[in-house]
Amino acid sequence: MRVNEKYSTLPAEDRSVHIINICAIEDIGYLPSEGTLLNSLSVDPDAECKHGLYLRDGRRKVDYILVYHPKRPSGSRTLARRVQHGDAAPAARGTRQDQPLPGKGDVGAAGGPEPPMDYHEDDKRFRREEYEGNLLEAGLELERDEETKIHGVGFVKIHAPWNVLCREAEFLKLKMPTKKLYHINETRGLLKKINSVLQKITDPIQPKVAGHRPQTTKRLSYPFSREKQHLFDLSDKDSFFDSKTRSTIVYEILKRTTCTKAKYSMGQGEGRKKDSALLSKRRKCSKYGITSLLANGVYSAAYPLHDGDYEGENVEFNDRKLLYQEWASYGVFYKYQPIDLVRKYFGEKIGLYFAWLGVYTQMLIPASVVGIIVFLYGCATVNENIPSMEMCDQRHNITMCPLCDKTCSYWKMSSACATARASHLFDNPATVFFSVFMALWAATFMEHWKRKQMRLNYRWDLTGFEEEEEAVKDHPRAEYEARVLEKSLRTECKSKEKRRHIPEESTNKWKQRVKTAMAGVKLTDKVKLTWRDRFPAYVTNLVSIVFMIAVTFAIVLGVIIYRISTAAALAMNSSPSVRSNIRVTVTATAVIINLVVIILLDEVYGCIARWLTKIEVPKTEKSFEERLIFKAFLLKFVNSYTPIFYVAFFKGRFVGRPGDYVYIFRSFRMEECAPGGCLMELCIQLSIIMLGKQLIQNNLFEIGIPKMKKFIRYLRLRRQSPPDHDEHGKKRQRYEADYTLEPFAGLTPEYMEMIIQFGFVTLFVASFPLAPLFALLNNIIEIRLDAKKFVTELRRPVAVRAKDIGIWYNILRGVGKLAVIINAFVISFTSDFIPRLVYLYVYSQNGTMHGFVNHTLSSFNVSDFQNGTAPNDPLDLGYEVQICRYKDYREPPWSEHKYDISKDFWAVLAARLAFVIVFQNLVMFMSDFVDWVIPDIPKDISQQIHKEKVLMVELFMREEQGKQRLLGTWMEKDRKKDEPCNSHGPKAGLDSPEYPGGAP
């Protein structure tokens, strides 16, 4: 610690917590008084410091909490060390004493020799002491508390004083509101009337939050500067920086504060030997701060505090309670979100996520309405659909070929009547229109979000955030710097080995030592990780991802074999009802198996993606997050959609024909689609997987797992804490209550589940028009569920500034483009839309769909079955079958080229490919046209941004003119004061006009 800092201990009865006040000379430009007292304040313990939100004096806010596990020998409750001002005075100005932060539980030297201690824990204690000393030098104020209701846990409370907040706000270029107010341009005429009507209509669904309604005035914002403090309203310094900003500033200090010399005093005590692993850990601490300390277990947690309790009768009103009432309650599901309050409490990054989720949910309303209309159209026209009527007509005595070898017998097409009628609900001309609509909907949604994002950037003063974002992006991660340090140490060792074999020239020893020291300082500045260093990680990533995708394909293949074998087994059942429902039973059970596997593999793939990203050692947090998102999305995309892709594009395509079927492992015959096509089965597969993932993974897991973890943590802490009825009756401090909450794990899981859902809504929407409706119902619950989780179940995350949703926007655009292609192939190849058009305009005799079913079926002579594949009971229908039918375009058995592909097949294939090309290009063009027509930045926002720039220039021009006038006034006063003196002085003639060098 600095030499002008000292502290004293209190008597034994007041040794609960010690306060540390520190002033840094360079912070605000004035010299503090020598010997600034760092002492303990005695406060009424019943006040409880507003339940832990303030330090012991009850005035200074707790901005951040560090948690650690103090390990000391039993009975070693010693007094803190005393550092007298006189002892430290002879030391130099910048000398740092290796003394622990004063507070309860510090292991001191008073009272006898120190008992033996685990040297790993001792090293952690030394590192904590040095790190906290560095935080003191940075200007923060710390307070330690170890006598808490949580046994074995100590807390360091951090407070940032005003001068530190000002310094860091200037360094981070935080935009703060100035005194200058200006009016926002309002709409006029018809638009103003429409807006007023809409405001009255939507008034009941607006949250009761101050500032949520449209504002007519706005404060001009400017990056904070200590030199221009007069521009800002500093009448209330306690509220000028809100709790979110204060915690962000403290976290930035924690990140860049380093501990470089905390280590053992070698030789003092037994067991303090040179341990290579321990030395490595110490070295890792030499380049970065809190991230390394958390990773190495020096601190167990670090988090800002919530504003207070969110429920209770005597709870003071705070932003957390307001969010719980107006946002995180299921009773307000019909209301808009208070996005500005969310941003104020959690920061811009989380605020943008919930804003995006709200926009996505709102945009699902028109998509759901159109999907319901398309579904109702299918219900209304099901009795007018000629192909399904022909399939259900008992007079059409069409005998179909067996669905499996031996055990399956011939069957009547009319037995598939229910499936054919249900297929029409989703396979009708309206689904083509709906596919085009959803493609345009996706493009409109993206444009609408970009405009909403720009409005939020303007409202949240993020319009000039690019430079700051670049500075944050280039900040190296802790793991990256550790790897760089290891590489530099290896390089240094190799160079030393080489120098040993080379005779050294006699040089100045002092000069050599200086060079060695400078080389150590700049050791990691010249070294960086190259692709050669990461090559093993890249190979591991490639092999692992390919292996995981192969595992997914293998599981799908296993489910296919299950379907085939189960269908063959059920066909042998003697019950007619079982045999008639074989297809439905097999499809439903297989989809449930797929759902369970998808949910389990999602969790496994998430962990694998994080591990693969860690071994790559990305340089920055932004790079780490983007690589993690890409890997996790790739694996989860393949996992979620592979079973659906199989049903949509592969099932029934490579079956073969009767007498020449395709077999898997020479035993299992490939399964076929129903006579009405695979679209109905695709709909079942999509609906069960989508609804199952939303219900189980997105809702039950999000509710159940956090509550289970919280309950387990509560039981563990209760088991560790000694029974104390007096302490149990007292209210826990805020930092103790927040410690029992679940740590914030980032927004990646939240975005991921929504992006996967967006894929379900857009990729296969042609087969399931009700997907937007189910997504809408899920999201209404999801918003409140996530809100409740953030407010009640999670520790308060550190606020992070962001002006967009990052890589997720590019993923959304990619999914939207892919959806156009997939829907084109679903309509063309999975549904019967194109074969019906071809039959209607090419082959129909009377211009109707009569005869379409017979046109799509080919004939097979049962005498051509391969040996051992014919049905065991050929008379199951009560008569002998000579010719059976199967769905394909092939020549009949009486043709010269029997069973060859017919020309009808090629005509339909050509029409299908032509439709894919036309549909894809047309919809892509329309989407790009929508993108071009709708500007990314709303016109009023661009005008307001320009107006802000003009006002800022005018403000500084008036300030400069005021300075010029003030300077001129001072110069005029000085000149008038000098005139009388000059007129009576002995050198007055020198200034007279007659003197050549005088004034004119």
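A charge is taken to sit over a ring if NZ of Lys or CZ of Arg is within 6 Å of the ring centre and within 35 degrees of the ring normal. In this predicted model, Arg256 meets that rule over the face of Phe171, at 5.3 Å from the ring centre. Arg796 is placed likewise over the face of Tyr345, at 3.9 Å from the ring centre.

Ring-ring contacts were examined next. A pair of aromatic rings is described by the distance of the centres and the angle of the planes. With centres required to lie within 6.5 Å, the count reaches 53 aromatic pairs. One of them joins Phe645 and Phe649: the ring centres are 5.8 Å apart and the planes stand at 45°, so the pair is tilted. The angle falls in the tilted class because planes under 30 degrees apart count as stacked and those over 60 as edge-to-face. Both residues belong to helix H23 (residues 621-650). They are 4 residues apart there, about one turn of the helix. Phe645 is partly exposed, its relative accessible area being 21%. This value lies just outside the buried class, because buried means under 20%.

Strand E4 (residues 64-68) gives a covered element. Of its 5 residues, 5 are buried. Cover extends to both faces of E4. Tyr64, Leu66 and Tyr68 are buried on one side, and Ile65 and Val67 are buried on the other. Two strands pair with E4. Strand E6 (residues 154-159) runs antiparallel to E4 and is joined to it over 5 bridges. Within this pairing, Tyr64 stands opposite Ile158 of E6. Strand E9 (residues 301-303) is also antiparallel to E4, with 3 bridges between them. Here Leu66 has Ala302 of E9 as its bridge partner.

Tyr735 is part of helix H26 (residues 734-739). Its relative accessible area is 1%, so Tyr735 is buried.

Leu190, Leu191, Ile194, Val197, Leu198 and Ile201 make up a nonpolar patch. Together these residues have about 590 Å² of accessible area. Leu190, one of the patch members, lies in helix H6 (residues 190-202). Leu190 has a relative accessible area of 63% and is therefore exposed, because the exposed class covers values over 50%.

Methods. Residues are numbered from 1 along each chain as its sequence is written. This is a predicted model: local features need pLDDT of at least 70, side-chain atom pairs count only at pLDDT 80 or more; totals for chains, interfaces and linings use all residues. Side-chain values use heavy atoms; hydrogens and water are left out. Rings of Phe, Tyr and Trp (its six-membered ring) pair if their centres lie within 6.5 Å; planes under 30 degrees apart count as stacked, over 60 as edge-to-face and the rest as tilted. Buried means under 20% relative accessible area, exposed over 50%, partly exposed in between (1.4 Å probe, protein chains only). Patches are made of residues with over 30% relative accessible area and no salt bridge: like charges are joined within 9 Å, nonpolar side chains (Val, Leu, Ile, Met, Phe, Trp, Tyr) within 5 Å. Accessible areas come from the Shrake-Rupley method with a 1.4 Å probe; for residues, only the protein chains shown count as cover. A salt bridge is a side-chain nitrogen of Lys or Arg within 4 Å of a carboxyl oxygen of Asp or Glu. Two strands pair if DSSP finds at least two bridges between them.
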